[in-house]
Amino acid sequence: MTTEHSGARLVHGWERGFTPPAAAVLGTLAGGYRRFLGAREWLYEQGVLRSRGLGRPVIAIGNLTVGGTGKTPVVEKFARELRDQGRTVAILSRGYRSKPPPLTRRLINRLFFRRERTPPRVVSDGKSLLLDSETAGDEPYMLASNLKDVIVLVDKDRVKSGRYAIEKFGCDTLLLDDGFQYWKLAGRRRDIVLIDCQAPFGNEFLLPRGTLREPGSHLSRASTIFITKSDGNTAKLRARIARHNSSAGIIECVHHPLYLEDVFTGERVELDHLKGRKVAALSGIAQPESFENSLIKLGADLVYSKRFADHHRFTQQEVLNAVNRGKKRQASVIITTQKDAVRFPKIDRRDLPFYFMRVEIKIVTGAKDFHDCVRQICFR
């Protein structure tokens with residue numbers, strides 16, 4: 001069984017509930033994980049583990065839960081706003097699911113202690129897109145595609161990549177993509193935490209019993225909290241957040257569709273292109289339901305949907321299978337997400353047009369908190 005399929009089965013367990021024996025085993029493991037988190041926090045407090053500052057503002061954007069909060073568009077919004085305020089921004093990503101360097105090179109670097117001297121991967125130098133999605137990882141590649149004049153770097157060691165961004169590109173602001181759990185880079189740091197309105201604390205259990213990376217009490221570290229996919233009915237959630245952190249600014253936002261773009265040609269069409277059409281959906285994201293519901297809200301008649309595990313890299317045959325099944329149900333177009341589109345292979349034939357839906361974050365409440373946050377980063 002592949003790791004992807006094992007992960008998918010675990011996700012189904014989180015959603016539907018585990019059998020009692022499995023729940024007991026995973027609960028024990030989750031208890032061990034909680035103790036590990038506590039021990040790590042204590043070691044940092046005692047100075048046994050040390051964080052580094054690089055003399056530049058650091059904005060760490062991340063989640064309490066595993067995937068699906070809509071983090072990438074929030075990273076993009078911060079990068080765009082900071083850039084517009086005159087900052088030279090670098091996005092530092094771990095590059096989850098990116099293609100690793102050749103094994104021989106990794107072994108040589110480890111053997112001769114070269115890892116510290118090996119530069120990070122430059123996805124974008126602020127002028128050109130330099131890597132493909134397989135080498136960079138889908139999220140860094142997507143960010144670099146949408147932000148042509150922002151530096152995007154990939155490396156597990158984000159202290160090293162932050163130093164490289166400063167020395168090589170003269171960056172004065174560092175954005176940590178998925179950085180809430182990354183404590184090694186500190187200094188002038190603000191932590192931005194995203195909470196999905198639809199499942200704010202997952203199933204309330206820590207990994208691997210549940211989807212929580214950290215207990216809810218760790219919201220106390222956050223400077224600003226984004227409630228994503230907000231439906232406006234957030235009074236109870238806000239009250240719960242306040243029990244852990246009463247001083248953080250709270251921003252509510254939604255994912256706002258902008259237009260459709262052809263995956264292969266780049267042609268753009270308006271969203272009303274979907275109204276009344278029979279549509280097939282193809283995705284490999286953490287929460288496909290939200291994407292599919294957005295198509296229905298735009299007036300599409302969703303006649304077929306195919307879901308894969310998060311970060312799935314599509315094969316040509318999988319794409320063609322989706323085309324064939326969509327056609328059988330009389331779909332006239334296939335819609336995917338931008339995150340999925342960067343993982344599409346070239347296909348020999350296109351019997352149906354393929355579009356991805358371009359979205360951005362739209363703040364519905366808390367715009368002042370957002371602008372105050374940016375202002376404090378830029379002018380303190």
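These legends go with several close-up views of a predicted model. Residues are numbered from 1 along each chain as its sequence is written, and side-chain values use heavy atoms, with hydrogens and water left out. Because the model is predicted, local features need pLDDT of at least 70 and side-chain atom pairs count only at pLDDT 80 or more, while totals for chains, interfaces and linings use all residues.

**View 1. His312 and its partner Glu318.** His312 sits in the loop between β11 (301-307) and α10 (316-328). Helices here are DSSP runs of H or I with at least four residues, strands are runs of E with at least two, and both are numbered from the N terminus. With a relative accessible area of 8%, His312 is buried; buried means under 20%, exposed over 50%, and partly exposed in between, using a 1.4 Å probe and protein chains only. Its side chain makes a polar contact of 2.8 Å with the side chain of Glu318. For that label, a pair of N or O atoms must lie within 3.5 Å; within protein, one must be able to donate a hydrogen and the other to accept it, and residues adjacent in sequence count only if both atoms are side-chain atoms.

**View 2. Helix α10 and its buried face.** α10 has 13 residues and spans 19 Å from its first C-alpha to its last, close to the 18 Å expected at 1.5 Å a residue. That expected span is 1.5 Å times one less than the number of residues. Val319, Leu320, Ala322, Val323 and Gly326 are buried in α10. Looking down the axis of α10, the buried residues fall within an arc of 155 degrees, so they line one face of the helix; the arc is taken from the directions from the helix axis to the C-beta atoms. Lys328, also in helix α10, is exposed at 72% relative accessibility.

View 3. Of its 14 lining residues, Tyr141, Val263, Ala341, Val342 and Phe356 are the closest to the centre. α6 (138-146), β8 (249-262) and α11 (338-341) are the elements that give two or more residues to the lining. On a 1 Å grid over the protein atoms alone, a pocket is an open set of points where a 1.4 Å probe fits, with protein on both sides within 12 Å along at least five of seven lines; lining residues have an atom within 4 Å of a point.

**View 4. The loop between β6 (188-196) and β7 (224-228).** Although Glu204 is not a glycine, its phi is positive, at about 80 degrees. Glu204 is partly exposed, with a relative accessible area of 44%.

**View 5. Gln330, past the helix.** Gln330 is in the loop between α10 and β12 (333-337). Here's another non-glycine with a positive phi, this one of about 70 degrees. Gln330 is exposed, at 59% relative accessible area.
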